[in-house]
Amino acid sequence: MAEATATFDVRRHGSAGVLDIRGDVTAGSEDVLMKAYESAGEVTAVVLNFAGLSYMNSGGIGLLVTLLVRAKRRSQRLLAYGLSEHYRQIFELTRLDEAIGIHDTEQDALAAAGVARRGEHHE
Amino acid sequence: MSSNDERPTAANRDAANWAKMVSRLKVAQVPDGAVNLNVDGRQLASPIQGFGKMWQKTYLVRLPGERIAPAEVIATWRRQFGDFWPSGNHFYGPLTGIEPGDVALLNLRMPGGSKLSTGVMVLYADEESFTLMTPQGHMFAGWITFSAAQQGDETVVQTQVLMRASDPVFELALTMGGHGQEDRFWGETLGNVAAHFGCPEAVVDTKVVCVDKRRQWSRWRNVWHSSAIRSAIYMAEAPIRGAQNLTHRRHPAS
């Protein structure tokens with residue numbers, strides 16, 4: 001129902017795709033998020049960078065559940081970093097943290113995904 | 001942009017809209033006539049913790065936008081939430097209306113005349129939407145988002161459910177008519193909202209999408225918390241409780 005107010009830039013790190021999230025994540029972000037996810041291509045892990053997030057409502061949390069289903073279907077891991085304390089608590093409250101690995105830094109997230117930080121290219 | 005040193009920059013301007021962190025639910029006040037069962041001490045359950053297929057169900061109704069603003073719809077809905085439910089079902093929330101973190105009791109009418117006692121927590125609420133999340137043992141694991149938004153010259157009022165049946169028993173019940181019953185429940189609710197705003201003829205559109213066809217068999221043990229089974233046991237024990245109460249009244253403890 002709502003319009004998209006977030007952007008999702010995609011980077012590749014070896015076999016992982018990193019999605020840099022900027023702006024407001026709401027239910028209206030579905031199309032742009034899913035397009036960004038698809039453009040990451042054949043990856044073994046998807047890392048969500050929340051450092052640029054300015055706002056997320058319950059519709060945004062719902063989107064992450066949908067993204068998680070897609071990733072599981074492709075046997076991909078879903079990880080996150082850059083979450084503020086507030087959003088970490090929301091991940092905990094909604095129990096998303098049981099399925100999405102939360103890390104402090106990109107390096108930690110990539111290491112947890114088993115991806116070494118070597119070459120990087122933007123898509 | 002790539003940096004290992006990036007710090008979180010979220011402004012948290014939505015902090016007041018979200019419920020505070022809780023690990024277990026606690027009902028603050030039990031209104032007269034409400035059955036407080038299957039809520040206290042339970043954890044919240046997202047679709048990730050559910051058992052059945054994952055569904056996204058959207059029910060929406062269009063109201064004339066020039067005289068009904070989205071914020072007005074949501075404010076009224078939050079204040080009188082239970083009043084819009086189909087008759088025979090009870091939402092026991094705070095009298096002041098829906099606020100983030102509130103825990104409400106639900107006493108629902110089930111087929112065959114049985115009653116199901118469960119609850120919900122208000123996960124999120126702002127001027128244009130609010131979300132209720134279910135506890136362990138509810139018929140489904142997930143959340144329901146109620147929202148209103150301006151689209152052209154219309155105010156679109158929507159209920160969206162993201163859910164998995166909590167356990168195999170509820171999955172079977174949903175397959176054998178439960179989904180239809182839920183569709184009728186929310187259709188009737190939205191119809192009541194529309195009627196409240198002077199549009200009793202408004203048509204409710206329903207869209208159902210199966211987000212994940214797979215069942216999460218590792219979650220079959222959720223049946224232990226089943227509110228249906230526990231509500232049935234509670235009802236079956238009613239004569240025993242009645243007899244005990246009578247005995248206590250005749251022979252009060254000194």
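This is a predicted model: local features need pLDDT of at least 70, side-chain atom pairs count only at pLDDT 80 or more; totals for chains, interfaces and linings use all residues.
Colleague: How many residues of chain B are in contact with chain A?
Modeller: Contact here means heavy atoms within 4.5 Å. On the side of chain A, 44 residues take part, and on the side of chain B the number is 47.

Colleague: What area do chain B and chain A bury between them?
Modeller: The size of an interface is often given as the accessible area lost when the parts come together. For chain B and chain A, 55% of that area lies on carbon and sulfur atoms. The buried total is about 3600 Å².

Colleague: Which element gives the largest share of the side of chain B that touches chain A?
Modeller: The elements of chain B that give two or more residues to this side include strand 4 (115-125), strand 7 (154-165) and strand 8 (205-212). By class, the side has 24 nonpolar, 14 polar and 9 charged residues. The largest share is 6 residues, and it comes from strand 6 of chain B.

Colleague: Why is helix 3 of chain B called oblique to helix 4 of chain B?
Modeller: The axes of helix 3 (residues 227-236) and helix 4 (residues 238-250) of chain B come within 4 Å. Angles under 35 degrees would count as roughly parallel, and 65 to 115 as roughly perpendicular. Helix 3 of chain B is oblique to helix 4 of chain B because their axes cross at roughly 45°.

How values were computed. Residues are numbered from 1 along each chain as its sequence is written. Chains are lettered from A and ligands numbered from 1 in the order in which they are written. Side-chain values use heavy atoms; hydrogens and water are left out. Axes are lines fitted to C-alpha atoms, for helices over the stretch in contact, and angles run from 0 to 180 degrees between N-to-C directions. Angles under 35 degrees count as roughly parallel, over 145 as roughly antiparallel, 65 to 115 as roughly perpendicular and the rest as oblique. Buried area is the accessible area (1.4 Å probe) that two parts lose on being put together, summed over both. Ala, Val, Leu, Ile, Met, Phe, Trp, Tyr, Cys and Pro count as nonpolar, Asp, Glu, Lys and Arg as charged, and the others, Gly among them, as polar.
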